[in-house]
Amino acid sequence: MSKDLSATPEIPKEDGRPKWDNKFQYILSCIGFAVGLGNVWRFPYLCQIHGGGAFLIPYFIALFFEGIPLLHLELALGQCLRKGSIGAWNTVSPYLGGVGVGSWVVSILVSLYYNTVLTWVMWYLINSFQEPLPWSVCPLNANRTGFNKECYESTAVNYFWYRKTLNITPDIAESGTLQWWLILCLATCWAIVYLCTIRGIETTGKAIYVTAIFPYLVLTIFLIQGLTLPGATDGLAYLFTPNLNTLKNPRVWLDAATQIFFSLSLAFGGLIAFSSYNLPKNDCEKDAVTVAIVNSMTSLYASIPVFSVLGFKATTAYWDCLDRNIMSIINEFDLPEESIMRQNYTSWISFLNSSHPEKIAGLKLKSCDLQEFLDQSVSGTGLAFIVFTQAIILMPGSQAWAILFFIMLFSLGLSSMFGNIEGVFTPLLELQIVSKSTPKELLSGIICLISFLIALCFTLGSGSYWIDIFDRYAGSVPLLVIAFFEVIGVVYVYKIKRFSKDVKWMTGRKLNLYWQITWRFISPLLLLIVFMAFVALQMLRPPSYTAWNPKYEGFPMKEEKVYPPWVQAICVLLAALPCTCVPLVALFHLIKQKRRSKDTSLVSAEVFSCQGANSNFPHPKE
Amino acid sequence: MLRALLLILSVVAIAHAELCKPDAQNAFKVRISIKTALGDNAYAWDANEEYLFKAMVAFAMRRYSSKSTTQISNVLLCNVTDRVSFWFVVTDSSKNVTTVPGSVVEAAIRMNRNRINSAFLLSDKTLQFLKITSTLSPPVEPSTPVWLIVFGVVLCLIVAGIVFLIVSGIQKHKKKNKESTERENLEEKVEVTVTLENGLPCEVLDLKAGHINGVFPADDERFTSL
């Protein structure tokens, strides 16, 4: 790498397209995009509820038959066609341009809400610099006679999340007001994203070194710390003890397939964008396998510290429960202190029950069961902002751990955001609407500004309900549909024989049987099954959500509510909008073709080929 | 004489026993957890500690109301258990065989809670007066919330980074434009006329950077001095 790289940002290659500084940057970007928050807070949860170690069986089967083939397909496509998602699919066939547009729309929708999750992480991060941590104590009520009622009835951690961070409304229909502290953090997050993506891959390529590698460092630190905590082994044993009976439940297989699919960030168009900046003669097959395996290994690696910490938290809660019971007994019977310890608690209880059963019954002791505490499984934001923060308070040096944890989450999310933004940015650069003289900085600035303004609605009181909706509807079903059309499009429209020749030209090896079979039959079939099962399951469940309502009788339990009709309409719209791009664009193109005169021929997909487009590249081997 | 003394003593003892018993009027239960508070440095609860407690209560009563003439003997302890917990009442020295109203005792103890706690090296949680609630101290709040400071620092760094990148981008853009126009100008000229001097182009000769030849003497040394 010569020093000129910093002086001339775009080394114009023969086709004027920017490229990665080195291969490592490209691989790191793909890994950073794939490895995200879900690896930390969704995979361990799935492992736990689906029979521990036994979950790895459907997970690796899904990886082998669905994850790796689709990943290879996307990387090869982008590398061959050297365009973003919209341009690439337009090149494959103008009738398939809708697939690219659908990817682009999904990337926009996901970027909007994903950065708001990062806003919450940033808010917790900057609050971690205080002593004591603000989520460890309840604030006092107005006349200082006790604690704030809402906080006292739930926990300090819950109160800080629902009231001090989100200021959540009890219902999605009540929008509440804009929370100014969240707006500030949102602006900061979008400013950081702008700073890192200001010139496309030239700047993200530098930033990715930090954001992709730093989480691994922190995970290792947490791993070492977590294993030294008391109760860590209980948590790990609980996580990994295989229960093969769960494999009989089809839900487990569905969850494994969807987890692999969403974890690898397929069908966003970001991977196509990344690989389009590669040199065409690059081994995309090895890249795909590498990225997929690193992603899965990271999930496994992350689940170890997560479960050590959860085991520690469960053990501490169990000890607290025991201690409270012991204290009540000691106070009631006026026994000397430390006469009942945790070890002889059960023998004392049985002795006292036989001698003074009414007194024991009058104490209303809670039954303390370690298994019950371990069973409390949470995923998603609940894991990070409620469960983990509670565990961090119990560790010595809690501020350092909190800061490390939230910086790690922020880096994980930021590197995924790069991929999302690239999926939006690259196709826009190639569309004719943007003139060549517009500087990249302006375009990325406009994208970030518009996204920030739209994302302001997630900072309302009801914002987190809306983010759940976006996550459930915009970030799930459309991706499955787009991926299905991707595979069908490449295999049956572009024709797999031609694609095999292109891949052979790029990698130097013939496509082996594994790729042929998975691309032709297995992956599309699997995608179809997963899609139908997923939609069926969503239909079975009524579209409901759980709301945090302090006035609810069952408080601090969350209240089950059903979405009002207008919200349900928005859900359907979010899911349908990217999917309808596919037939709409095909229809639009069909009409355009019919209107044109009959003798202008279609830009046939047959004419285009990978090798032909890249003929101006030197061929050292030939 | 002796018999009369014994009678009076027994009456007083019975009266005291009447005044101080669990759930008596104006009596308070105290619960002390020394081992929880001090761990290995725990002291044993004995008669001396009880004496100190009585002294502290009397002190609290005197401090609360300047008119009060409470003596240590006015504070009665009873039902001391292994826990350690006991009941106490404060008798009125002016009126015989009556106890000071509970509200007065409560107010007095509340006012001096800190002093009582520190006399025993305990806290509100480990020296509990059941039925007397303690005012909770508010958490320490700095004048500017710390998070705003951290946030300000982060934001300044980011804005500086963005401005730097934009400005450098504009500068490179201008340099690239200038270079491309210069290249165009050069290519337009077919011949470049160069003035030569001694076979060397004039621009190479830097007429200003000359060296003084030390062989030749300086001007003012040509003439020998007189």
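1. The side chains of Lys29(B) and Asp334(A) meet in a salt bridge, at 3.8 Å from N to O. A salt bridge here is a side-chain nitrogen of Lys or Arg within 4 Å of a carboxyl oxygen of Asp or Glu. Across the interface of chain A and chain B, the rule finds one.

2. This is a predicted model, in which local features need pLDDT of at least 70 and side-chain atom pairs count only at pLDDT 80 or more, while totals for chains, interfaces and linings use all residues. Residues are numbered from 1 along each chain as its sequence is written, chains are lettered from A and ligands numbered from 1 in the order in which they are written, and side-chain values use heavy atoms, with hydrogens and water left out.

3. The predictor gives the complex an ipTM of 0.72 and a pTM of 0.83. For chain B the mean pLDDT (the predictor's confidence in each residue, from 0 to 100) is 78, and 75% of its residues reach 70 or more. Within chain B, helix H3 (residues 47-64) has the highest mean, 89, and strand S5 (residues 196-197) the lowest, 56. Where pLDDT is low, the predicted coordinates should not be read in detail.

4. How many residues of each chain are in contact? The answer is 33 of chain A and 29 of chain B, with contact meaning heavy atoms within 4.5 Å. Chain A and chain B bury about 2800 Å² between them, 67% of it on carbon and sulfur atoms; buried area is the accessible area (1.4 Å probe) that two parts lose on being put together, summed over both. In chain A, Ile126(A), Asp334(A) and Glu337(A) lose the most area to chain B, together 22% of what that side buries.

5. Chain B has six helices and six strands. These are DSSP runs, numbered from the N terminus: helices are H or I with at least four residues, strands E with at least two. Along the sequence the pattern is α-β-α-α-β-β-α-α-β-α-β-β. Of the 226 residues of chain B, 27% count as buried, meaning under 20% relative accessible area (1.4 Å probe, protein chains only).

6. The largest nonpolar core has 183 residues, and Phe406(A) and Leu409(A) touch the most other members. Such a core is a set of buried Ala, Val, Leu, Ile, Met, Phe, Trp, Tyr and Cys residues joined through side-chain atoms within 4.5 Å. Leu409(A) touches Leu37(A), Val40(A), Leu118(A), Val121(A) and Ala384(A), not counting residues up to four places away in sequence.

Conventions
Buried means under 20% relative accessible area, exposed over 50%, partly exposed in between (1.4 Å probe, protein chains only).
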